[in-house]
Amino acid sequence: QLQASGGGSVQAGGSLRLSCAIHGSIFRIKSFGWYRQPPGKQRELVASFGSGNTEYADSVKGRLALSTDNAKNTVSLQMDSLKPEDTAVYFCFADQFNSDYVYWGQGTQVTVSS
């Protein structure tokens, strides 16, 4: 119900844009955004929007930007000035009010070479 796209390989300093299409059957969304899981590490929150606020991990502030296209039910993550440490599988997520369930996209690989 979440379909992620846009990963790939770039050199350090390059840019990528990830997109996540949220199926219309998911309504009353409380928060959404992106996590990532670097090789051999735990999944970590990258960017999220909820309660009117957008938050970013300290490691990506000023380089990554979360945006939405409400007409297309799409959440995007613009990634600029990429660093090798941004290499990870990126997962979009969404959750709903009055529910503990979290919807996840299938994950998209981002590889940044030095």
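User: Are Cys20 and Cys92 buried or exposed?

Analyst: This is a predicted model, in which local features need pLDDT of at least 70, side-chain atom pairs count only at pLDDT 80 or more, and totals for chains, interfaces and linings use all residues. Residues are numbered from 1 along each chain as its sequence is written, and side-chain values use heavy atoms, without hydrogens and water. With a 1.4 Å probe and protein chains only, buried means under 20% relative accessible area, exposed over 50%, and partly exposed in between. Cys20 and Cys92 are both buried.

User: How far apart are the sulfur atoms of Cys20 and Cys92?

Analyst: A search of the whole structure finds 1 disulfide, defined as a pair of cysteine sulfur atoms within 2.5 Å. Cys20 and Cys92 form this link, with their sulfur atoms at a separation of 2.1 Å.

User: How many residues apart are Cys20 and Cys92?

Analyst: The link of Cys20 and Cys92 is right-handed, with 65° about the S-S bond. Cys20 belongs to strand β3 (residues 16-22) and Cys92 to strand β9 (residues 88-96); strands are DSSP runs of E, at least two residues, numbered from the N terminus. The pair links distant parts of the chain, and the separation is 72 residues.

User: What is the relative accessible area of Ser81?

Analyst: Ser81 lies in the loop between β8 and β9. Its phi is positive, near 50°, in a residue other than glycine. Ser81 is partly exposed, at 40%.

User: What is the phi of Asn98?

Analyst: Asn98 sits in the loop between β9 and β10 (102-104). Asn98 counts as exposed, at 77% relative accessibility. Although Asn98 is not a glycine, its phi is positive, at about 60°.

Note on methods
Helix = DSSP H or I, 4+ residues; strand = E, 2+ residues; numbered from the N terminus.
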